[in-house]
Amino acid sequence: MNVQDLLQKDAFLCDGGREHHSDTRILQVGDAAIYDRIPGMLGGIRRVLVISDGNTRPLCGEKVIAALAGAGITVDEAFFNQTDVLIPDEATIAKAEACFCAGTGAVIGVGSGVINDLSKYIAFNHQVPSMIVATAPSMDGFASSGAVMMLKGLKVTCSRRAPRWIVADMHVLANAPIDMIRSGIGDLLGKFSALSDWELATLMSNEPACQMIYDLVETETNACIDNIDAIMRRDPAAIGRLMESLAIVGITLAYQGSSRPASGSEHLISHFFELTCVKNHLPYFPHGIDVAYSAVVSEMLRKRLAEEDPITFAFRFDRSAWHRGLVRCFDDMAPEIEAMQDKNATYATDRSDFIRDHWPTIRSYLKQTPGVAFMKKILGKAGYNLDDFKAMYGLDKIRDAVRHASDIKTRYTLLALLSDTGKLETYAKELTL
């Protein structure tokens, strides 16, 4: 399946009869000559807004701006003069919006996760396309149609448009901070968990499935594993392939119309750490690194549940304990989270009989992932160490993530299954790493 061919189509039907669409039209990973090709990709656009920060502007933003200016294109800049983490909140949005001028035909983000999301967000507000010039192979959201923002203190995925152009210099990617490279690896290895949870959700909540998308995500995940040693040697070709895999997975999110093919229980757990740490001004890992560690946690839970006798399943929802846990973990955000879950009727239905009746199928979904030992082995090759995970968050916080990460969103995953089987609190309490 040639993704480049798919990108040339406005829409197409997969073998399952579903129509798929992505706003991304160009995905190019190459050498330094890539910058000279950027003006031609814009197709006659004569004014752009370039968004960068204190890390990405000197890294390659200046080359992007020079190439644009050399082609006679007017460049306005939203420059965030900082080298620490940029939070995509209301203040950041306002600063970028103030730099958008009349006649601007595109927004070009130079960076990775946050800058890509900010670029998509601003571009959509003005109904112009966006480009991302990637500086690190750090996550799979380059081609997604969602923009993850921090609004009113909550991490919110806003529906926007995927970048029309995704561009990267593989030599810049290869020289990215090692944690950013590890983050990209971690984000891809989380797909084993995400794909298992997607199949689970098709059964438990009738979410739409697509074998073509499933196969694409699985293929790109395995490509990462096959190249792991070369990636860690910073081989430019291997790093470029990692970037392509991450972008392709992001394209599948646009095809699906949601993040479901790439995001399951492992992402919910990782979002728990980010949300609570940002709220309390505490340090946290880059997104993909959190995903990698959280995928190990999910795998531990998944494999334990797979060995249970379904006769022991019983729905046990203690609203008082749940409420206390929300307040402990989320403080003043607890009422909003509680209202969201009540509106969704998340804990209003006893599904234990349905689960027992369909246990052979559910168990097959739980068993299909590669296992805890495999995950630890591959992540070990990428320099991951569970002791670092415990040191960052502490076992009590990790256990709370198991208990309450599912409350951040209304999405059926392994964590919801643990709740429905009555195993969530026991597994959280007994979790060790």
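The crossing of helices α12 and α20 is right-handed. The model is predicted.

**Helices α12 and α20**
- Helix α12 spans residues 265-279 and helix α20 spans residues 395-404.
- Their axes come within 9 Å and cross at roughly 115°.
- On the α12 side, the contact is made by Ile269, Phe272, Phe273, Thr276 and Cys277.
- On the α20 side, Lys397, Ile398, Asp400, Ala401 and His404 take part.
- Six of the residues in this contact are nonpolar, two are polar and two are charged.
- In general, residues three or four places apart on an α-helix point the same way, because such a helix has 3.6 residues a turn.

**Strands β8 and β9**
- Strand β8 (residues 146-151) pairs with strand β9 (residues 154-159) in the antiparallel sense, over six bridges.
- Leu151 stands opposite Leu154 in β9.

**Helix α21**
- Among the buried residues are Leu414, Leu415, Leu417 and Leu418.
- Ala416, Ser419, Asp420 and Thr421 of α21 are buried too.
- Gly422 follows α21 and has a positive phi, near 80°.

Key:
Residues numbered from 1 in each chain as written. Predicted model: local features only at pLDDT ≥ 70, side-chain atom pairs only at ≥ 80, totals over all residues. Heavy atoms only, no water. Axes fitted to C-alpha atoms, helices over the stretch in contact; angles between N-to-C directions. Helix = DSSP H or I, 4+ residues; strand = E, 2+ residues; numbered from the N terminus. Left-handed = near helix turned anticlockwise from the far one by under 90°. Contact = heavy atoms within 4.5 Å. Nonpolar A, V, L, I, M, F, W, Y, C, P; charged D, E, K, R; others polar. Pairing = 2+ DSSP bridges. Buried < 20%, exposed > 50% of the residue type's maximum accessible area, 1.4 Å probe, protein only.
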